[in-house]
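Okay, thanks for coming, everyone. I'd like to walk you through one model today, so let me put it up on the screen.

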Amino acid sequence: MTRQLTGSPAAPAQALPALQRRGRWSGRTRRDFFVFLALALPNLALIAVFTYLPLINNMYYSTLDWTLGSTSATVVGLDNYVTFFTSSDAPQVLGTTLIFTVVTVGGSMVLGLLVALALNAKVRGTTFARSAAFAPYVLSGVGVGLVWLFIFDPGYGVLSWLLRGIGQQSPQWINDPQLSLVMVIIVYVWKNLGYCAVVYLAGLQSLPKDVMEAASLDGANGFRRFMSISVPLLSPTTFFLLITTMISSLQAFDLIRIMTPLGNGTSTLIYEAYLQAFGAYNRAGYSAAISVVLFAILLIITVLQLRFVERKVHYS
Amino acid sequence: MSTLSPVSPNSASGVGTLKAPDAGPELPARRDKPLSRSNLVQTLAGGYIPLIVATLVVVLPLLWMLLSSFKQPGEIVTTDLKILPQGLNLENYHTAMTTVPFAQFFLNSLIVTTVGSTVKVILAILTAYALVFVRFPFKNIIFVVILVALMVPPQVSILPNYILIAGIGGKNTLWGIILPGLGTAFGTFLLRQHFKTLPGSILEAAEIDGAGHWRRLWQVVVPVSLPSIATVALVTVVSEWNDYIWPLIITDRPETMTLPVGLTLLQNSEGNGAGWGILMAGAVLVIIPILLVFAALQRYIVAGLTQGSVTG
């Protein structure tokens, strides 16, 4: 942008074409260089120290046999990784992470799209309904987790009361590891689908109306128009949501911590890393190894996604 | 309304009504038989019922929280469940606030949220401006570095950050809670995407008038970007207020705990059937402030999220 301005009367010193200045610093380039550093460096330094440095430190810690709080540690190379992948932990934790991520991402996006369609109806009350649908997304996971833990409580929860009303016993949501996972997934989707709904709603409202009208004149019904026009045209939105929801699902912590503190059946990679370091064991090195595994998975997914999407996504 | 889309038998999907607003010439048709039976059924099935179901699914659990927070233990530990509490009994709130120092938690959360969000929003504005409007080599590489940071879950960093912050005396301090989260990739990313869409002409005009970067930033870019900045600010406030894993790890004394961590403390001491009313009172105290902020500023967050998704 600034290059287009080099001939402006207010900046006669800049009148030379940019090409002739290549290789040496004009006063203005130098000034911009320092302006950039002054503006961006504090943020970049914080990101470097508290986001990137920990990645490197994690890799180092993951090679240690080290109890958190202890002053001595032994270098054990890749032993922590070997322990993780050869123990029963790996299939358990990786499986839980996979199920949790796939179901919560898929559930939030599909239900979010359905809610977006409901919100897109031309009736009164959509503004309030949109706010209501979005609200859980901004609420404290700790608060929400407690509320739902009470609802799911097999003894005094409203769900068990409803089930007794139709002559059913409440499932053991807390004690059964598989049901615990189902419970946390339900609450996670409840909390996050409003975000998908609002983003999808924006996508729906930006669809070209003339295309829709042409299709309906050609006799395409609502479902056909939805599948053949809306879905393909929404693919950039879908891609955006896929990335953002997958990242947040892999970071899900609050609900798991509040609803299933012991991680019984709900120990995803992130939760296992937390439990190993800050739970009963204080195994810092082992926890760091699990964090590195998580980061590697995240990196692979991101790269694959970016490659895949370049070919598949429709950009209008 | 649905009279405008007669070829839309499947209007339950809502898509069929999309073209309604600009159908100006057909407007008289709307007055045809607005209350005809098929029209009513279609509006209900296609419009109101899904809308009401979606709203209830969200509202009912929160309403249940509020109602239960007024219930005595005897009203909760019972097989004869009543939906409404016997009265507006504030006993649970009193117990919650005396069992654990809730006022202190609230103050701590307020300080952490205010200081953390203010610094983060300013850093995001400065960095995004630099990335878009200031000439610098390797800007794309720097942007990629920020993008990748966006992909790194903060949870991956908790152990090294704990060791770092605890090592410099930040355990059980408010600055120890605030500091590691101050670098902002999200805000920078969102504002950069927005700044890129600003018409170059307004900045050119300011530059011709002799305005330097500082004035262009605060007098041109920031004023026209207020909705995006409000979005970043709101999202930051919400995430600082709700932040859990980091304060949970770096504090173990009530004096410096934030509200979500304090609620965990309450859960540990009231984690039996009779304590649910007290826990719901605690949940109300954590959830209501953010609900109020959301109610006041949601216009911005919805508009901003739309921009983020369409241009991002």
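Let's start where the two chains meet: 91 residues of chain B are in contact with 86 residues of chain A. Keep in mind that we're looking at a predicted model here. Which element of chain B gives the most to that side? That would be helix H15, residues 276-311, with 15 residues.

Okay, over to chain A by itself. Chain A has 13 helices and two strands. There are 316 residues in chain A, and 43% of them count as buried. If you take the contacts in chain A between residues at least 6 apart in sequence, 66% of those join residues at least 24 apart.

Now let me zoom in on one helix pair. Two packed helices are described by the angle between their axes and the distance between the axes. Here we have helix H3 of chain A, residues 89-119, against helix H10 of chain A, residues 235-250, at an angle of about 135° and with the axes 9 Å apart. That angle is why H3(A) counts as oblique to H10(A). As for handedness, H3(A) passes H10(A) in a right-handed crossing.

So who's touching whom? On H3(A), you've got Phe100(A), Thr101(A), Thr104(A), Val105(A), Ser108(A) and Met109(A). Facing them from H10(A) are Leu241(A), Leu242(A), Thr245(A), Met246(A), Ser249(A) and Leu250(A). Sorted by class, this contact comes out as seven nonpolar and five polar residues, with no charged ones.

Okay, that's my bit.

Key:
Residues are numbered from 1 along each chain as its sequence is written. Chains are lettered from A and ligands numbered from 1 in the order in which they are written. This is a predicted model: local features need pLDDT of at least 70, side-chain atom pairs count only at pLDDT 80 or more; totals for chains, interfaces and linings use all residues. Helices (H or I, at least four residues) and strands (E, at least two) are DSSP runs, numbered from the N terminus. A residue is buried if 20 or more other C-beta atoms lie within 10 Å of its own, exposed if 12 or fewer, and partly exposed in between; C-beta atoms are placed from the backbone. Two residues are in contact if their C-beta atoms, placed from the backbone, lie within 7 Å. Axes are lines fitted to C-alpha atoms, for helices over the stretch in contact, and angles run from 0 to 180 degrees between N-to-C directions. Angles under 35 degrees count as roughly parallel, over 145 as roughly antiparallel, 65 to 115 as roughly perpendicular and the rest as oblique. A crossing is left-handed if the near helix is turned anticlockwise from the far one by less than a right angle, and right-handed if clockwise. Ala, Val, Leu, Ile, Met, Phe, Trp, Tyr, Cys and Pro count as nonpolar, Asp, Glu, Lys and Arg as charged, and the others, Gly among them, as polar.
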